Number of protein chains: 2
Amino acid sequence: MNKNLTPRMNLIKQDGREVEREKLAILRVLASCQTPVGSKIIARRLKNEYGIDLSERAVRYHLILLDERNMSCKISRRDGRSITQLGLEELGNAMVTDKVGFVIDKIERLAYMTDFDLDNLSGMVPVNISFFAKDQFKPALRAMAQAYKANLCVSDLVCIAHEGDKISDITVPEGQVAFATVCSIVINGTLLKAGIPMDSRFGGTLQFHQHKPWRFTDMIYYTGSSLDPSEIFIASRMTSVSEVARRGEGKVLCNFREIPAVSLPLAEKIIAKLKNAGINGVLVIGEAGKSICEMPVGLNKVGMIMMGGLNPVASAVESNIPAASHAMSGLVPYSSFTSYWEAAGLKKPV
Amino acid sequence: MNKNLTPRMNLIKQDGREVEREKLAILRVLASCQTPVGSKIIARRLKNEYGIDLSERAVRYHLILLDERNMSCKISRRDGRSITQLGLEELGNAMVTDKVGFVIDKIERLAYMTDFDLDNLSGMVPVNISFFAKDQFKPALRAMAQAYKANLCVSDLVCIAHEGDKISDITVPEGQVAFATVCSIVINGTLLKAGIPMDSRFGGTLQFHQHKPWRFTDMIYYTGSSLDPSEIFIASRMTSVSEVARRGEGKVLCNFREIPAVSLPLAEKIIAKLKNAGINGVLVIGEAGKSICEMPVGLNKVGMIMMGGLNPVASAVESNIPAASHAMSGLVPYSSFTSYWEAAGLKKPV
């Protein structure tokens, strides 16, 4: 390193893309914090959560640049910063080449961070979070009943947060209710901890016929999209979860995974244990190299079809109750879940 | 071939997927015909349009099977068939593994079928077709004016068809108006006829800043999706075409292509000629191997960003005028286009 250069000049001399990536990681850290944070905490979180090794001093230079571009602002007397509206927008728009791998990256990151312990029923579980208007939340819960009754969900464990409360680092905005459902990535995460790599291929709509899963009617690969397929299918009104619940015909959100065929016996044991913990979600398990629901499977792989965790929310949207859903949006401790039936004030069907 | 087997038994002995594919191709032929057609015409069209070589007799056996499953019905005294509602549904749902390549396949098929002659200004041009409710069509045309004025379109040539009329093999349903815009695949097709292969990579939303194209904010690869990206972005209300038209800030539909770097001089000549014929659509042309709008480009390739042909329709949807859009949905003769300005009864800005 040239000793005559200040760290800032060193920074600028770096490859532009690298700087851009560091900047975005800092914005992500700021976005996830409710209170202003300083360079020390940011540097630690960059290392722990993003594997980015920056000195506190380098973080401070980044922050000065971000301040200049109105993407962060200095709040406390020391170097505590918060993200600005512009910073949040930048985060949403920037670096689509990073974002395109984004859906698959999000899956892998969340799977890695899942540390749900099957024996002690503790640890963090990945969730999808949907936001409803406060006055529409009760009708939404009622509209979901048939989807839960027909088991078109990953789990009937849910987590509800009200305005001002925090859920997985997100503060619920005024006038809204956050509704978190268990995300099927909990299965990737639990298998991963047991040494089974699960390959997430695509999200799609799966057609049911006579109450049985039949075939995928649309699909979007996780590696080829910057948008979460479930969010797209819900927003484009391509589901008919309520119809499937009612008469066994229609389309639900599902996704397609593969595991190595050799790991199937262990995977089946873990899936059974998850079921005991109230987490289902596995709709179909195939055989080595055999197609399931008309989908070809890699050689020496076993295909699996998972329920989409957002199916109950999709059924509410089908009843014209608007919801803003964020698939795979964070982690919630297992202990903070409650049963959907209890939350909705309904009797659980036997 | 075993002489003791009837052709039908031969059929059944074939690989199931092959039979399924033939069946779907027959349904597609039936779906594109307004009047009942017989096995002779079907066999000819299967060969010409899908490269499937089936005898008339084999087609007849397929038709009998389709009749049995209520997907086609015999209309005329001979073997003339029409597709049924169930057949249309089957076509929409079946064989998603075929459909996933579908967006890219549709692009390649339409590009091949484009035979627009730049010198005589004749031949077929690929279009996107949008359907509006009859009484909302005038407000829709008005809402599109700013997008056309700001050149956020492939061409201001449009083709309008009223209920009962036919447009590119589709009969316009009662109470609706069909509005066809030139699809940017016309450029793929014209380059292809000149021996330049154009690789269509993805559809996305491109952010404008200070009236200039800046960066992609979302993208879906054509090879990884069974759904057309433009249709998704419009349905999910992810565009702000009117904002870009008005103040140069916002997101429009765009798509990303590559051509071999060596073909650039010829491509530029053809693009200039297309412009003279009223077809623009090329927003950015890069340099060999150089990123454009933050998108990396293959070695020895030149990247190109094209306007989405559906941008004017997106701007109408942004004004809350509903439209059902079908990107890349057929071909229309160049002679049947008219100017948007004439159709809307507006004076073309100079």
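## Helix 13 of chain A

Helices here are DSSP runs of H or I, at least four residues long, and they are numbered from the N terminus. Helix 13 of chain A is one such run, covering residues 311-318. Just after this helix, A:Asn320 takes a positive phi of about 65°. The model is a predicted one.

How many of the eight residues of helix 13 are buried? Seven are, so the helix is mostly covered, where buried means under 20% relative accessible area. The buried residues are A:Asn311, A:Pro312 and A:Val313, then A:Ala314, A:Ser315, A:Ala316 and A:Val317.

## Two domains in chain A

Contact between them involves eight residues of domain 1 and seven residues of domain 2. Together the two domains of chain A bury about 550 Å². Carbon and sulfur atoms give 34% of that area. On the domain 1 side, A:Ser32, A:Gln34 and A:Glu49 supply 57% of the area buried against domain 2, more than any other three residues.

Helix 3 of chain A, residues 39-50, gives the most to the domain 1 side, with three residues. By class, that side of domain 1 holds two nonpolar, three polar and three charged residues.

## Salt bridges between chains

Side chains of opposite charge can pair when their charged atoms come close. Over all chains, the rule counts 22 salt bridges. One of them pairs A:Glu90 with B:Arg215, with the closest N and O atoms 3.3 Å apart. A:Glu90 sits in helix 5 of chain A (residues 85-93) and B:Arg215 in strand 9 of chain B (residues 212-221), so this pair joins two chains. Both A:Glu90 and B:Arg215 are buried.

Another salt bridge links the side chains of B:Glu90 and A:Arg215, at 3.3 Å from N to O. This pair also crosses between chains: B:Glu90 is in helix 5 (residues 85-93) of chain B, and A:Arg215 is in strand 9 (residues 212-221) of chain A. Why do these two residues count as buried? The cut-off is under 20% relative accessible area. B:Glu90 counts as buried because its value is 7%. A:Arg215 counts as buried because its value is 2%.

## A pair within one helix

A:Glu243 and A:Arg246 also form a salt bridge, with the closest N and O atoms 3.1 Å apart. Both residues lie in helix 11 of chain A, residues 241-247. They are three residues apart, about one turn of the helix.

Is A:Arg246 buried or exposed? At 56% relative accessible area, A:Arg246 is exposed, because the cut-off for that class is over 50%. A:Glu243 has 23% relative accessibility, so it counts as partly exposed. Elsewhere, salt bridges that share partners join A:Lys23, A:Glu90 and B:Arg215 into one network.

## Two sites in chain B

B:Arg201 is placed in strand 8 of chain B, residues 199-209. Its relative accessible area is 17%, so B:Arg201 is buried. A polar atom of the B:Arg201 side chain lies 3.4 Å from the backbone oxygen of B:Pro296. Neighbours within four places in sequence aside, B:Arg201 is in contact with B:Tyr221, B:Tyr222, B:Phe256, B:Arg257, B:Glu258, B:Met295, B:Pro296 and B:Val297.

Where does B:Met238 lie? It is in the loop between helix 10 (229-235) and helix 11 (241-247) of chain B. Not counting residues up to four places away in sequence, B:Met238 touches B:Thr205, B:Asp218, B:Phe233 and B:Lys251 in chain B, along with A:Leu227 in chain A. B:Met238 and B:Ala316 are 78 residues apart in sequence, while their C-alpha atoms are 13 Å apart in space.

How values were computed. Residues numbered from 1 in each chain as written. Chains lettered and ligands numbered in written order. Predicted model: local features only at pLDDT ≥ 70, side-chain atom pairs only at ≥ 80, totals over all residues. Heavy atoms only, no water. Contact = heavy atoms within 4.5 Å. Buried area = accessible area lost by both parts, 1.4 Å probe. Nonpolar A, V, L, I, M, F, W, Y, C, P; charged D, E, K, R; others polar. Buried < 20%, exposed > 50% of the residue type's maximum accessible area, 1.4 Å probe, protein only. Polar contact = N/O pair within 3.5 Å; in protein donor to acceptor, adjacent residues only side chain to side chain. Salt bridge = Lys/Arg side-chain N within 4 Å of Asp/Glu carboxyl O.
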